[in-house]
Amino acid sequence: MTLPKVLLVEDEPGLRLTLSDRLASEGYAVETAADGEAGLARAASGGYDLIVLDVMLPRMNGFDVCREVRQRGVATPILMLTARGQVVDKVVGLKLGADDYLTKPFEAIELMARLEALLRRRPSSPQAGGESYRFGEVAVDFRRMEVTREGQPVDLSAREFKLLRHFIEHRGATLSRDALLTDVWGYDEMPMTRTVDVHVAGLRQKIEPNPRSPEYILTVHGLGYKFVG
Ligand code: CA
């Protein structure tokens, strides 16, 4: 079983260390960031089950990080850490897409309980609630099923759009050709896994700055593909 992965964005070194140790001892895989920009970069890369986000951070505050993470379509549950007395923080944080908050100082056991609760109710699809997604110069509007690149419309077939959406919903995960056929094409059994390669190649032509050297849809040799936009 893989450990639930937590991103902890906290600038106070002491608290960062204490919480990391505690989270690790509770069975979480922990990664940390010490300022807002670094936190956003990690959070936006996806692949986390939970994000613990301090509000008062250098470089970029937690509210801005939260808003930006959500705008990029990342639906990972976010628990924000606010300072005592900042009642307004709770409202603002929840409006921006945070899932829960905790006021400092808090007991570690309280944080663990909140995180467990968030893990239990996390969405099955990372895209739940997201209406758009951006990576590089590409913008995807899920509701209108429209894609633009550098502001220009990109003409995707329905299958290519479905494939791209699936990649985005599973960003950071390695997806085998068989799994893609089942999930995107809907075939339980399909002799031509080459179909996937053909469509991935087509998609790369349309969204990659350099299709010969993909930045977003990566080939994982012997396994399949991974979207990292
Ligand atoms: Ca802080």
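Okay, housekeeping. Residues are numbered from 1 along each chain as its sequence is written, and side-chain values use heavy atoms, with hydrogens and water left out. Since we're looking at a prediction, local features need pLDDT of at least 70, side-chain atom pairs count only at pLDDT 80 or more, and totals for chains, interfaces and linings use all residues.

So, which protein donors does the calcium ion have? They're Asp11 (OD), Asp54 (OD) and Met56 (O), sitting 2.1 to 2.3 Å from the ion. Donors here are N, O and S atoms within 2.8 Å of the metal, or 3.2 Å for Na, K and Ca; water is not among the atoms, so the site may look incomplete. Along the chain, the donor spacing reads D-x42-D-x1-M.

Now, buried or exposed: what is aspartate 54? Aspartate 54 is buried, because its relative accessibility is 3%, whereas methionine 56 is exposed at 54%. Buried means under 20% relative accessible area, exposed over 50% (1.4 Å probe, protein chains only).

On to the strands, which are DSSP runs (E, at least two residues), numbered from the N terminus. Two strands pair if DSSP finds at least two bridges between them. S7 (residues 138-141) runs antiparallel to S8 (residues 146-149), with four bridges, and valine 138 faces arginine 149 there. Four residues lie between those strands, and methionine 145 has a positive phi near 55°.

S8 also pairs antiparallel with S9 (residues 152-154), over three bridges. Threonine 148 sits opposite proline 153. This hairpin has two residues between its strands, and glutamate 150 takes a positive phi near 50°.
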